[in-house]
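Subject: Structure handover

Hello,

Please find the structure below, with the sequence.

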Amino acid sequence: MADGPKLQRQFPEIDNNMIRSDAAMAFSERHNIRSAPVLTVVDDETAALITERLAPRIEGRTVVEIGGGIGLLSLHMASVARRVYCIEANPVWSFNFVQLFLEKKPKNLSFLFGAADEFVGCIRADVAIICTHSDVRGMTLVGQQFAPIVVDVYGELVDANPDAFDAFARQARLIV
Ligand SMILES: C[S@@+](CC[C@H](N)C(=O)[O-])C[C@H]1O[C@@H](n2cnc3c(N)ncnc32)[C@H](O)[C@@H]1O
């Protein structure tokens, strides 16, 4: 799968040049994107662990990931799910990893670039996945328009082991 350390080495360049540029900020505003431009799934180990946790709920099913970042989690989920749609408003992330998808993208994984609400009514899924620490509420609401079940991956991890997370961070993720 992907070379985690190599992916991480590329992040400062993406951050400085594109992700925090005026154009990127205007893009987020235009597309009503409220989450922070921060990636949490940037290596295969993390993506594999999350996929393993989700496997009983996504195996053989149609999954939509809202705000998929570079698409690494969706890539892993596609090895378990029947079909995965990775919706990501910002094309900058995965375009910087185009070589990865050139080499690895399977046919049951599709990327949709745009705000998720642009695709409501176009696709349906059994399960929606969100992996974020910001705009959890907004991304959950849009996820509910695609699937009857929305999994807030980090919310579940916090609930399962609250003491492992900073108290402020636990609260903040629900309001920012
Ligand atoms: C905090 S980042 C996390 C990215 C990725 N899930 C990860 O953990 O590495 C949230 C991402 O969701 C995207 N996003 C937020 N709201 C969205 C929406 N309504 N439609 C599509 N993408 C959205 C943002 O562009 C951003 O890349």
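The notes below go from the whole chain to single residues.

This is a predicted model: local features need pLDDT of at least 70, side-chain atom pairs count only at pLDDT 80 or more, and totals for chains, interfaces and linings use all residues. Residues are numbered from 1 along each chain as its sequence is written.

Overall fold

The chain has ten helices and five strands. Both are DSSP runs numbered from the N terminus, helices being H or I of at least four residues and strands E of at least two. The radius of gyration is 15 Å, close to the 16 Å that the globule rule gives for 176 residues, so the chain is as compact as a globular protein of that length. That radius is taken over C-alpha atoms, and the globule rule is 2.2 Å times the number of residues to the power 0.38. Along the principal axes, the C-alpha atoms fill a box of roughly 40 × 40 × 35 Å.

Of the 176 residues, 32% count as buried. A residue is buried if 20 or more other C-beta atoms lie within 10 Å of its own, exposed if 12 or fewer, and partly exposed in between, with C-beta atoms placed from the backbone. Among contacts with a separation of 6 or more, 58% come from residues 24 or more positions apart. A contact here means that the C-beta atoms of two residues, placed from the backbone, lie within 7 Å.

The largest nonpolar core has 40 residues, and Val63, Val64 and Ala128 have the most contacts inside it. The elements that give two or more residues to this core include β1 (62-66), β2 (83-88), β4 (127-130) and β5 (149-152), along with helices such as α4 (44-58) and α8 (136-143). A nonpolar core is a set of buried Ala, Val, Leu, Ile, Met, Phe, Trp, Tyr and Cys residues joined through C-beta atoms within 7 Å. In soluble globular proteins, nonpolar side chains tend to be buried together.

Leaving aside neighbours within four places in sequence, Val63 is in contact with Ile58, Met77, Ala81, Val84, Ala125, Asp126, Val127 and Ile129. β1 and β2 pair in the parallel sense over five bridges, where pairing requires that DSSP finds at least two bridges between two strands. The bridge partner of Thr62 in β2 is Arg83. Five of the six residues of β2 are buried, so this strand is largely enclosed by the rest of the structure.

Ligand site

There are 23 residues around the ligand, and Leu39, Thr40, Gly67, Gly69 and Ala116 come nearest. The elements that give two or more residues to this shell are β2 and α8. The shell divides into 13 nonpolar, eight polar and two charged residues. Here Ala, Val, Leu, Ile, Met, Phe, Trp, Tyr, Cys and Pro count as nonpolar, Asp, Glu, Lys and Arg as charged, and the others, Gly among them, as polar.

Trp93 lies in helix α6 and counts as buried because it has 22 C-beta neighbours inside 10 Å. Not counting residues up to four places away in sequence, Trp93 touches Gly69, Ile70 and Glu88. Its C-alpha atom is separated by 9.0 Å from that of Leu39, 54 residues apart along the chain.

Cys131 is in the loop between β4 and α8 and is also buried, with 22 C-beta neighbours inside 10 Å. With residues up to four places away left out, Cys131 touches Thr40, Val41, Leu73, Val153 and Tyr154.

Most residues other than glycine have a negative phi.

Asn32 is in the loop between α3 and α4 and counts as exposed because it has 11 C-beta neighbours inside 10 Å. Its C-alpha atom is separated by 7.6 Å from that of Ala115, 83 residues apart along the chain. Asp135 is in the loop between β4 and α8, and its 20 C-beta neighbours inside 10 Å make it count as buried.

Regards

Conventions. A residue is near a molecule or strand if its C-beta atom, placed from the backbone, lies within 6 Å of it.
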